Amino acid sequence: VTKEKIFVIAGPEFKELKGHILIIHKALYGLKSSGARWHDKLFDILRELGYTPSKADPDVWMRLSKCGKYYEYIAVYVDDLCIASKDPSVLCKILKEKFGLKLKGDGPLEYHLGCSYSRDPDGTLVADPRRYIEKMVDAYERVYGTKPIKTKQPLVPGDHPELDTSELCNAKEIKEYQTLVGQMQWAIALGRFDIMLLLMTVAGVRPAVEVAQLDGVAKM
């Protein structure tokens, strides 16, 4: 529920009300304040349940379990919740029945924000970005009509992109380049830390891309 009054100026589809200012009193998606209002609502719910935000990251909430032997955690990313608890189903039930939240896909952690999760035979939780990388490959193939060449690093051995003197990109190529680098950055965040240094070398030219975009050109 928003705290502001939201209105629209009626268009021709409103016939005799065209040009009138209409106050909106029912919930709508897509308002600029929607994200803030949802954050406020979730904040109040988690506070009521005894959770407090971590000092290291305010979107990671914690509380001491009722038995006092361990902490329960909730990692929040907009409206995605990752719950670490002995029995997270109890919390899900409370969120549904007491607070009226509609949870979709609640259950054991298998896929979250592009990353797959599984457990080793000894029960160790494993994060695997393979599915996200497969989606990246599919997107690349749709754009370029061929699969990317398999390699162990994002740069050709001996390549120095900061010394590149090739032709400048056009507007379409700028968008493609930024998309590819952005996808790789998320893949690293999901677990491909081994290629971080190389990708940051490539991503280092993004400021030049964004500055030059005003003139419709960019330097690779």
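Modeller: Let's start with our words: helices (H or I, at least four residues) and strands (E, at least two) are DSSP runs, numbered from the N terminus. Two strands pair if DSSP finds at least two bridges between them. This is a predicted model, where local features need pLDDT of at least 70 and side-chain atom pairs count only at pLDDT 80 or more, while totals for chains, interfaces and linings use all residues. Residues are numbered from 1 along each chain as its sequence is written, and side-chain values use heavy atoms, leaving out hydrogens and water.

Biologist: Which residue in the turn of the β8 and β9 hairpin has a positive phi?

Modeller: Strands β8 (residues 115-119) and β9 (residues 125-128) pair in the antiparallel sense over 4 bridges, with Tyr117 opposite Ala127 of β9. Between the two strands of this hairpin lie 5 residues. The one with a positive phi, about 95°, is Gly123.

Biologist: Which residue of β4 is the bridge partner of Pro53?

Modeller: An open antiparallel sheet has 4 strands in the order β3-β4-β5-β6. Its edge strands, β3 (52-53) and β6 (80-84), each pair on one side only. Antiparallel β3 and β4 (residues 60-64) are joined by 2 bridges. In β4, the partner of Pro53 is Trp61.

Biologist: Is α3 roughly parallel or antiparallel to α4?

Modeller: Axes are lines fitted to C-alpha atoms, for helices over the stretch in contact (heavy atoms within 4.5 Å), and angles run from 0 to 180 degrees between N-to-C directions. Helices α3 (residues 130-144) and α4 (residues 171-189) pack at about 170°, with axes 10 Å apart. Angles under 35 degrees count as roughly parallel, 65 to 115 as roughly perpendicular, over 145 as roughly antiparallel and the rest as oblique. Therefore α3 and α4 are roughly antiparallel.
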